[in-house]
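Subject: Structure handover

Hello,

I am passing a structure on to you. Please look through it before reading my notes below.

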Amino acid sequence: MSRLGFKSVVYHGDLCLGELDTVPVSEENFQFPNNEIRIHHLSTQSERCYPLSILQTISSFSVRCKLESSSLVEQPNLILLHASCFHEVKTAVVLVGEEEIHLVAMPSKQKKFPCFWCYSVPIGLYDCCSRMLNTRCLSIVFDLDETLIVANTMKSFEDRIEFLKVWMARETDAMRISGMSAELKRYSEDRLLLKQYTENDSVLDNGKAYKIQMEEVPPLSDGHDRVIRPVIRLPERNIVLTRINPEIRDTSVLVRLRPAWEDLRSYLTARGRKRFEVYVCTMAERDYALEMWRLLDPEAHLIGLKQLLDRVVCVKSGSRKSLLNVFRDGICHPKMAMVIDDRLKVWEDKDQPQVHVVPPFSPYFAPQAETANAVPVLCVARNVACNVRGSFFKEFDENLLRRISEVFYEDEVGILPSAPDVSNYLMNEDVGFAPNGNSNAPISEGMNGAEVERRLNQLDEKHISDSSSTHVAISSPELGSDSSQLLASTMAVLPSQKPVLVGPPVRRDSSSSDSDYEMKRRVSNMKPGLDSRSQSSGQPPVLSRVPAQFSSMQMQPQGGWLVEEDIKRVHITNRSPGSAQEPDSAKSDKLQPVQNPLSSTSSTSSTIPPPHATQVKAEEMHIEHDRQKQNLPHAFQVSGMSITY
């Protein structure tokens, strides 16, 4: 052991590069196994972000240790490794168990070369997050039922209709009866459509006949068969009729898509640029979930067919949703992700800050809830996602990249700035409309059979309690937009009034089944289930100072990787909510090419990413959502520094 710490021998493959001393940065005294640093590979090149900024964003431990040479004899191979990583914007990766230890080549005030800072991350996480940060991309996770869709089978329609009839027979309040009658009518109309589809493979809607269209479902893997489904789409009404098992008519389902889904989907895929990597996390059965997502993303623009089995995550009933489970195999860090869900408490406690909670989609109980406000629910979600992405990368560029460009090997690790976190930019919505602003508001839930029976037996007692809480229990056709807040609060006060999804109503929370889980499981189990799834250098490079600044220059997007952050101001009216769009061009600085000292040919060069690789505006929006109005910064530009020798 040296005066600095443990002395470790460095290998790249079978080649011994020399010795480095481990310098502790905390009481942990991190040590490499057997005092050997065995470099497995070099990371992929980062196009616009310093490796230190990427690792500071995704690592749980910050810097684990420092490495420097105390040898009196020059070690050219280690100097060459350091120069290569520094010039090519790469890290040297050491595999230790289930982790990668990344050696980050650092500049030095005292010209202590070679010198590295070391970070540890789960295997594969660095490459995935490096790609996302370089392309200005985050992750978004969607729930399905009551967030994006509501689906019913004939059985669930009949159960709800019967339940409403019994309730209406015992009700005395005229307004309640009117509301339940309107709800019953909506259920009956959709049940008739589903009955026609199930029996005749066609429906008659408003005097117009619609026949099934056979839609091919491509096999998702070698173990899957090609499936042809009979589908009827009624786009004007946001209704799709499909059959989970094409061979069994009883698996027919009527699906209502939430209004403004197309606006949200268009934002996520505008002009072929990926603003978010999309995932699905649901408590539904897998076959059902895959079909529901296919209806939402029929052209597989949001999730590619090859990724679908990994990105549609089905959680067992009674379990809680977790971002670590969604991002298994290190494909994204949770603080680079946001969630769109109608329930908060179904998520692990540590993930709840990442959740943007939307009101449950209730097209039968409260159809006015989607249109009463100036901005539809999913347009609000789109604008929130737009704001989150713009704010995240604004802080990443202005705070993290700028300050990291001034960090030297000799500096204390405690001076490193904190990394941005998506949860910092999720804002509360109007408490009268969405549950984000009221932590004490009850979660709207369904009921199981025993609870229905108990409620009917105790109807008189419950009616007194309900009457004292609110005068309006169920949506009425006569209710106007001024009643939207009262309607939303009513939905929270009387959770049992909310329509069920597929199957008997079951309470959905962290300790019980998803409300539609059992029926979906039975529906999909009626068919066989789908599968779940080196040159030497004469002189050491001069790295003793922070690289000089670039001059501001225009840069054309190269290879489609450059994703502009600008978003035009969104003017939303009651009639036309609009969409969050980004401009086609943005001012940016040209990345300076530098010669790679380890390249096999002298013509090989790599682009070095200054923090101001793009002159980026903050994502901005102007949302007229009742009294809510947001004005985000118009533009920002981060000055940075290049890497030179």
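The model is predicted, so local features need pLDDT of at least 70 and side-chain atom pairs count only at pLDDT 80 or more, while totals for chains, interfaces and linings use all residues. Residues are numbered from 1 along each chain as its sequence is written, and side-chain values use heavy atoms, with hydrogens and water left out.

Overall

The protein has 14 helices and 21 strands (DSSP runs numbered from the N terminus; helices are H or I with at least four residues, strands are E with at least two). Of its 645 residues, 57% count as buried. Buried means under 20% relative accessible area, exposed over 50%, and partly exposed in between, with a 1.4 Å probe and protein chains only.

Core

A nonpolar core here is a set of buried Ala, Val, Leu, Ile, Met, Phe, Trp, Tyr and Cys residues joined through side-chain atoms within 4.5 Å. The largest one has 101 residues, and F142, W293 and M338 have the most contacts inside it. Helix 10 supplies the largest share of this core, 15 residues. A second, separate core of 22 residues includes L184, L193, I239 and Y364.

Leaving aside residues up to four places away in sequence, F142 touches several residues, among them L148, W261, V278, W293 and I340 (contact means heavy atoms within 4.5 Å). Ring pairs also link F142 with W261 and W293 into a cluster.

Aromatic rings

Rings of Phe, Tyr and Trp (its six-membered ring) pair if their centres lie within 6.5 Å; planes under 30 degrees apart count as stacked, over 60 as edge-to-face and the rest as tilted. By this rule there are 12 aromatic pairs. One of them joins F163 and W167 edge-to-face, at 5.3 Å centre to centre and 90° between the planes. These two residues are 4 apart in helix 4 (residues 154–170), about one turn of the helix, and both F163 and W167 are buried.

Y187 and Y364 form a stacked pair, with 4.4 Å centre to centre and 10° between the planes. Y187 is in helix 5 (residues 174–200) and Y364 in the loop between strand 19 (355–357) and helix 10 (377–404), so the pair ties together parts that are 177 residues apart in sequence. Both Y187 and Y364 are buried.

Two arginines lie over ring faces (CZ of Arg, or NZ of Lys, within 6 Å of the ring centre and within 35 degrees of the ring normal). R64 is over F61, at 4.4 Å from the ring centre, and R243 is over Y197, at 4.6 Å.

Helix 3

How many residues of helix 3 are buried? In helix 3 (residues 125–134), 8 of the 10 residues are buried, so the helix is largely enclosed by the rest of the structure. The buried residues pack against helix 1 (51–58), strands 6 (99–105), 7 (115–122), 8 (138–142) and 16 (276–282), and helix 10. Just after helix 3, R136 takes a positive phi of about 55°.

Cysteines

A search of the whole structure finds 0 disulfides (pairs of cysteine sulfur atoms within 2.5 Å). For C118, the nearest cysteine sulfur is that of C65, 3.8 Å away. C118 is buried, with a relative accessible area of 0%, and C386 is likewise buried at 0%.

Regards
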